[in-house]
Amino acid sequence: MLRVVRTGNGLVRGIPAADPRVTSFKGIPFAAPPVGANRWRAPQPCANWEGERDCARFAPISMQETPGIGDVIYNREWHVDPEIPMSEDCLYLNIWTGAKAADEKQPVLVWFFGGGLQYGYPAEMEFDGERLARRGIVVVSVNYRIGVLGYMAHPQLTREQPEAPANFGSLDQQAGLRWVKRNIAGFGGDPDNVTIAGQSAGGGSVLSQISCKQNTGLFHRAVVMSAMIRDPYGVREVGRPEPLAEAEQNGAAFLRFIGAGSLEEARAMDAVFIRDRYAEYMRQCRPMFTVLDDRFCTGDPLAQYLSGDCVDVPMLAGNTADEFPNGLPAGDEASLADAAGACFGADAGRYLGFEESHVRGEAGFGTVNGIGLTVRGVFERKARQGGKNYYYCFDADIPGWDHPGTFHSVDLWFFFETLAKCWRPFIGRHYDLSRQMCNYWVNFIRCGDPNGADADGTPMPEWGPYTSESPCVMTFTGEGPVSAVVPPSPFERFLIDRVVDRI
């Protein structure tokens, strides 16, 4: 087993995972600590060390509000530990490998966590990479700066460091990818067979990395889970980067909020103080997200992917059935219904969803899943450009006293095959589904095609690429995977075109 590996900065020692055929390396530094003068700067080179570095435990998580406080669903699900170590010194990554020798050239998965670019960390228990490593994948999870420490812009930053004025969290991810390119062969991985993947803001991060042509050669496939978010009704705009000038104004307002007259003063302030003040700031002002800095981020990542102005790679993407429903406010219902009626006649109301009890008092609305519509529309256009991409919808029953439905992020337990870590009373068929979902994922990571046999050698349902001519949808149900060609309904067609034309 590969228990000790030489990296470009020194030796690291891992430990046997629960399955001793897998070695886990936790807390490997890939950049210098982003503290002091390195706060709000691009990640700097990591210092070398002597001897073997013990990599048995996760490094501290990025600065954020303390996890595990309160009874929101994610604090019940995986943000369970208020005592988890947290520090501004957080630029570390983790590796799971089943390789016995450095020359095995196993496929590599690089994972970016989600959390709205404000929360989250690789140590979340659903992200355990052991089950994928048992299937011959080298799994890497990369930590990165989030919130105000990861995404603040400011006029002084733009003047003094124009080469990297913003998007420090995204630059951390990029530094992690470059580290993988240089070092992963030592862990039995193939640097020329890398898939980047993420969910929610992690999936948005994948799109951001794809849109940055500096990353050419660093990865070869992508998985974007629950992150192609566009609103077919034009009410919400999620995922478009903020113009630099607007982000600078937001950053200047924050420095005034904390009483800092300059970046030098702000860099000298305690990280916990900044974290706590940012939590207050977010309650009344805009959070800080990806910035259109014309350096790392040169446009809307989704638009760049759609047009091919990017590192154009095969993609697997999808959504859960219940997450982020897009609603049509009652005041707009009549006008859109009239437009739909002109197209679809008497059935327009059914296509709008108004017959499905989406009426509460005077605030009636029709709902659709904007993520699903966006992915399908984008994949149709990409197929015309020769792309081969795969669409899924997660629609399994989720047990528990809270009756949560297929809430945003619940599919992570299944793709990573970590259901046994969850408190929910999953039963045998859920474990069967998880095993098959993990199999599909591993197959795509390995060669860009999710199809293959189950653990007992029986073929899994065929998952075809999504095209206009054959819109194949893989639905992960509580009874197992169901693959079907599902043409959009007339009104879905109307909304898909509406979404894609607005990207």
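Modeller: Gladly, and please keep in mind throughout that this is a predicted model. The largest cavity has a volume of about 110 Å³, and among the 14 residues lining it, those closest to the centre are Met63, Gln64, Glu65, Arg275 and Tyr278.

Colleague: Which helix gives the largest share of the lining of that largest cavity?

Modeller: That is α9, which provides five residues, the largest share of the lining. Helix α9 covers residues 271–282, and both α9 and α3 (147–151) supply at least two residues each to the lining of the largest cavity.

Colleague: And how do the residues of that lining divide by class?

Modeller: For the largest cavity the lining divides into nine nonpolar, three polar and two charged residues.

Colleague: How many cavities of 30 Å³ or more does the structure hold?

Modeller: There are five cavities of that size or above in the structure. The second largest cavity holds about 70 Å³ of space, and its lining includes Phe58, Ala59, Pro60 and Ile61, as well as Tyr121, Pro122 and Ala123. By class, the lining of this second largest cavity has 10 nonpolar and two polar residues, with no charged residues.

Colleague: Let's move to the pockets. What volume does the second largest pocket have?

Modeller: The second largest pocket has a volume of about 410 Å³. It is lined by 16 residues, and Asn319, Ala321, Asn369, Cys393 and Glu492 are the ones that lie nearest its centre. The elements giving two or more residues to that lining are the strands β13 (315–320), β15 (366–369) and β16 (390–395), together with the helix α13 (370–384).

Colleague: What classes do the residues of that pocket lining fall into?

Modeller: In the lining of the second largest pocket, eight residues are nonpolar, five are polar and three are charged.

Colleague: Changing topic, I clicked on Ser205. Is that residue buried or exposed?

Modeller: Ser205 counts as buried, because its relative accessibility is 4%, whereas the cut-off for buried is under 20%. Ser205 sits in helix α6, which runs over residues 201–211. If residues up to four places away in sequence are not counted, Ser205 touches Phe112, Leu117, Tyr144 and Gln173. Its C-alpha atom is also separated by 8.5 Å from that of Gly114, although Ser205 and Gly114 are 91 residues apart along the chain.

Colleague: What about Asn250, where is that found?

Modeller: Asn250 is found in helix α7, which covers residues 244–258. Asn250 is buried too, with a relative accessible area of 6%. Leaving aside neighbours within four places in sequence, Asn250 is in contact with Tyr281, Arg286, Pro287 and Met288.

Colleague: Now the whole chain, please. How many helices and strands are there?

Modeller: The chain has 16 helices and 18 strands. Among contacts between residues at least 6 apart in sequence, 74% join residues at least 24 apart, and buried residues make up 58% of the 503 residues.

Colleague: What radius of gyration does the chain have, and what would a compact globule have?

Modeller: The chain has a radius of gyration of 23 Å, which agrees with the value near 23 Å that a compact globule with 503 residues would have. Along its principal axes, the C-alpha trace spans about 75 × 60 × 45 Å.

Colleague: And last, how much accessible surface does the chain have?

Modeller: The accessible surface of the chain comes to about 19200 Å², and 52% of that belongs to carbon and sulfur atoms.

Note on methods
Residues are numbered from 1 along each chain as its sequence is written. This is a predicted model: local features need pLDDT of at least 70, side-chain atom pairs count only at pLDDT 80 or more; totals for chains, interfaces and linings use all residues. Side-chain values use heavy atoms; hydrogens and water are left out. Helices (H or I, at least four residues) and strands (E, at least two) are DSSP runs, numbered from the N terminus. Buried means under 20% relative accessible area, exposed over 50%, partly exposed in between (1.4 Å probe, protein chains only). Contact means heavy atoms within 4.5 Å. On a 1 Å grid over the protein atoms alone, a cavity is a set of points where a 1.4 Å probe fits but cannot get out, and a pocket is an open set with protein on both sides within 12 Å along at least five of seven lines; lining residues have an atom within 4 Å of a point. Grid points are joined across faces, edges and corners, and a volume is the space filled by probe spheres set on the points. Ala, Val, Leu, Ile, Met, Phe, Trp, Tyr, Cys and Pro count as nonpolar, Asp, Glu, Lys and Arg as charged, and the others, Gly among them, as polar. The radius of gyration is taken over C-alpha atoms; the globule rule is 2.2 Å times the number of residues to the power 0.38. Accessible areas come from the Shrake-Rupley method with a 1.4 Å probe; for residues, only the protein chains shown count as cover.
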